[in-house]
Amino acid sequence: MKWTKKHIISINDFSRDEIDFVLEKSELMEKKLKDSKTSSLMNGRILANLFFEPSTRTRMSFEVAMKRLGGMTVGFDDLSVSSEVKGETIADTIRVVSDYADVVVMRHPVEGSAMLASEYCNSPVINGGDGANQHPTQTLLDLYTIKKEFGGLDGLDLCIVGDLKYGRTVHSLTSAIEKYDVKLKFISPKELKAPRQMIKSLVDRRIPVKESTKLNLRDSDVVYVTRIQKERFPDPQEYMRVKDAFIIDQRSLEALRDTAIIMHPLPRVSEISAGVDETKYARYFEQAKNGIPVRMALLCLVSGIKFW
Amino acid sequence: MIHVACKQHRELKVEMIKNGIVIDHIRPRRAIDVLRILGIDGSFGYALTIAMNVPSKHIGRKDILKVENRDIDTNEINKIAVIAPEATINIIKDHRVVKKEKVTLPETIVGIIQCPNPKCITNKEREPAESVFLVKQKEPLILRCKYCEREISSPIMLS
Ligand SMILES: [Zn+2]
C-alpha cells in the first residue's frame, strides 16, 4: 500500500488497509526501538506540540516519540498558553506555527478544531484530541495493543465496559473495530448505554452485538474499561451505586478466558482495583507504552520518511 | 374536506403565471422554509401563491409555491434539496414551462446548514470555518458535519 495521508485528523478517515498499514509499521518501529533507543530518522526536524488543553500524557508521548526519532520539540501546554494565543483564532496560530515546525500536534477543546487547523497548515497536523470528538492516535495504539497480543483483530470477542454514551475512546475504537470481523459486548449502567446510532451502524455491518447492565466478563478476549464520570449523574447517590457495580476486581477476573487482556486508556480512578495490576491480564500500562512506537511510525509516515 | 383540497389543487394547477417559478412536490409544511431560502417575505411585490398540505400522487401530501417574476440559481436549488429532496422546479416564461428540473442533493453541502453542536468550530464566531456537511446517506437523510462529525437527519438552515 502507498501511504497518502498528510494529516491524521479522525479515525473515520482510515480504511481497514490504512489501519493495518499503520499497525504493521508500528510493529517494525518497535523492533527498531528494541535494537536502538534512538534513530536519526527525524534529524533536524521540529515538532510543535500545541496543547490548548492540558494532557500531560499525550504531550509527553509525542515528545518522547519525536526525540527517539532524533527530532526536536517546541510548544506549549494549557498553563503556558498566553492570553495573546488565547485571543487569537486557531487559524491564525496555525498559520504562524506552520512556518516554524515540520509537523504539528494539536489538542484543543473545540470539536473540529483539528480539521480546521489542517486546512491552514502547510505542515502535517496530527490531532491530539479535539474535545469530545476524536483522538485518532489513541485508537491506533489501542488497536496496536490488541494486535500485538493476538496477532490480529479478526475473530476476537471484545467487551467494552463503562461510559459508552459519552466516552470518546469507546466511540472511536468501535468505529475502527467495526471494520474487522469481531464480536462485541457492551456493559454499562443503563444511564450510559451506547448511542443507538452506534449500535445500528454495527448491526448494519453484521457485527454481533450484546448489551448488558451487569458486569460479566465471560467469553471475552479483550476487556476495554473506561471511566464513569461523576458529572454525568445529576444524583450523586446514583453515581455511587453505579460506580461500585462496575469495578473490575480480582473476583470479576474469575470468569475471564485464560488468554484475555484488560485494557484502559488511563488515567484510571477506581474502575480497576489495584489488585488487578499484577495479574497476567493487565495490559493498560503496556498499552500506554505502545503509544510510543505507534506515534513514531505516524510521525514518519506523515513526514514522508520511509523506514522500511 | 379532501374534496375541497382536491378542487383547490386543480385550480392552482390550472392557473398559470406569466413569468416566474413554480416549485412543486415540496414536502408538506416546508413551503415556508423554501420561501425563507428564496428570501421572500411579506414585502414581496409580485404574485405569490402558497398551497400547503394538498394531496400528491407521489408523496402523499405536498406543498406548492408559485412565484411571479422570480428566477432561481443553483445555490438556491441546492438549499431546497436539503429540506425538500423531491421538489421539482418549473421555470415559466410567457405562460409556458421552458425548463423543468428536479432538485438533487449535492454530495457536500456548504454554508447552508447550522451544525447543532454548540461546541463545533463552525459555531465559533471568529474562526473562519464555514459549515460543511457531507451526505452520508440519502434515504433516509443522514448528514455529517465535516468538522465535529456530528450526524443529523433533520437539518436546520443557517439563519
Ligand atoms: Zn459540527
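**Notebook: two interfaces in a predicted model**

I began with the chain pair and found 19 residues of chain A in contact with 15 residues of chain B. The model is predicted, and I read each entry here with that in mind. For the area, I noted that chain A and chain B bury about 1,400 Å² between them, with 46% of it on carbon and sulfur atoms. On the chain A side, A:Thr89, A:Glu111 and A:Leu116 supply 32% of the area buried against chain B, more than any other three residues.

I then looked up the polar links across this interface, and the count is one salt bridge, while twelve residue pairs are in polar contact. I found a salt bridge where the side chains of A:Glu119 and B:Lys146 meet, at 2.6 Å from N to O. Within chain A, α4 (90-100) and α5 (113-119) each supply at least two residues of the side that touches chain B, and α5(A) gives the most, with four residues. By class, I recorded that side as six nonpolar, nine polar and four charged residues.

Next I turned to chain A itself, which is divided into domain 1 (11-134 + 291-302) and domain 2 (136-288). The contact takes 30 residues from domain 1 of chain A and 23 residues from domain 2 of chain A, and the two domains bury about 2,200 Å² between them, 57% of it on carbon and sulfur atoms. In domain 1, I noted that A:Ile11, A:Arg16 and A:Leu23 lose the most area to domain 2, together 30% of what that side buries.

Across the domain interface I found three salt bridges, and I also looked up A:Arg16 and A:Asp154, whose side chains meet in a salt bridge at 2.7 Å, N to O.

Methods:
Residues numbered from 1 in each chain as written. Chains lettered and ligands numbered in written order. Predicted model: local features only at pLDDT ≥ 70, side-chain atom pairs only at ≥ 80, totals over all residues. Heavy atoms only, no water. Contact = heavy atoms within 4.5 Å. Buried area = accessible area lost by both parts, 1.4 Å probe. Salt bridge = Lys/Arg side-chain N within 4 Å of Asp/Glu carboxyl O. Polar contact = N/O pair within 3.5 Å; in protein donor to acceptor, adjacent residues only side chain to side chain. Nonpolar A, V, L, I, M, F, W, Y, C, P; charged D, E, K, R; others polar. Domains from an automatic or database assignment.
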